[in-house]
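Hi everyone, thanks for coming.

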Amino acid sequence: MTTNQINAMSAAGCILADTFACISEHIKEGVTAGYIDQLAKTYIISQGADPGFLGYRGYKYSTCISKNEEIVHGIPYDHKVFFDGDIVSIDIGVKRDGFYADAARTFLIGNVSEEDRHLVQVTQDAFFKSMEGIRAGSRLGDISFGIQQYVESKGLTIVKDLYSHGIGSSLHEEPLIPNYGKKGAGMLLKSGMTFAIEPMVNLGLPGIETLDDEWTIVTEDGKKSAHYENTILITDDGVDILTLKGA
Ligand code: MF3
Ligand code: CO
């Protein structure tokens, strides 16, 4: 990518990080997914950017909001209410000057069980563990391996049928990146490459199922799942996490 393209993606990433900062205080018991979706949309547009998911393959919303046994691509319905003890994944895309950023966080609503808090923490930590030592010259499999190794060492299950992905002038680009794999395997990473790395982690079995709304993906066994995602840029001496914090 050129410097201009990287600048556009960084700007999209900053706006996305700020969007999470803006909505996070509103994410609590009694609030609806539809309300949070509107807040995120309004904020993104106020920053001179576009919601990256809106209109993507006919999708009508700016966020995906997935509760509990919903893994990803949950629809932010007005009737999807956050209750005490829920875990809620909020996934957002931002498009700025033709380039995308994509990120997700899983939030805790009220008093969440120890087991579910562990699930959410391990999912987030898996992302950061997988970034350790990654730089130009690493292999894509080093990231995949890092995620799998950490998650499984904590007794949890990686979702194998959903992937991390390339990102840039499209929301989803080649390659598809499994969140499991072998160290030293796969594509050679070069400075300027950008990826959306998104571990999805289950408490129970890895199986998934798509609901009749044709978007929402849930665990087959009905047990809970967590999700964490950032857009990253490979550099000569490491990784820039573009969606982590505001400018
Ligand atoms: N972050 C989601 C993913 O990478 C993006 C979903 S886009 C949507 O799969 F439009 F389908 F919501
Ligand atoms: Co993504």
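First, a term: a polar contact is a pair of N or O atoms within 3.5 Å; within protein, one must be able to donate a hydrogen and the other to accept it, and residues adjacent in sequence count only if both atoms are side-chain atoms. With that in hand, Glu 229 has a polar side-chain atom 3.5 Å from a nitrogen atom of ligand 1. On the oxygen side, a side-chain N or O atom of His 73 is 2.8 Å from an oxygen atom of ligand 1, and a polar side-chain atom of His 172 also lies 2.8 Å from a ligand oxygen.

A word on the ground rules. This is a predicted model, where local features need pLDDT of at least 70 and side-chain atom pairs count only at pLDDT 80 or more, while totals for chains, interfaces and linings use all residues. Residues are numbered from 1 along each chain as written, chains are lettered from A and ligands numbered from 1 in the order written, and side-chain values use heavy atoms, without hydrogens and water.

Now, how many aromatic pairs does the structure hold? There are 6, counting Phe, Tyr and Trp rings (the six-membered one for Trp) with centres within 6.5 Å; planes under 30 degrees apart are stacked, over 60 edge-to-face, and the rest tilted. One of them is Phe 20 with Phe 107, a tilted pair at 6.2 Å centre to centre and 35° between the planes. Phe 20 belongs to helix H1 (residues 3-24) and Phe 107 to strand S5 (residues 99-108), so this pair ties together parts 87 residues apart in sequence. Helices (H or I, at least four residues) and strands (E, at least two) are DSSP runs, numbered from the N terminus.
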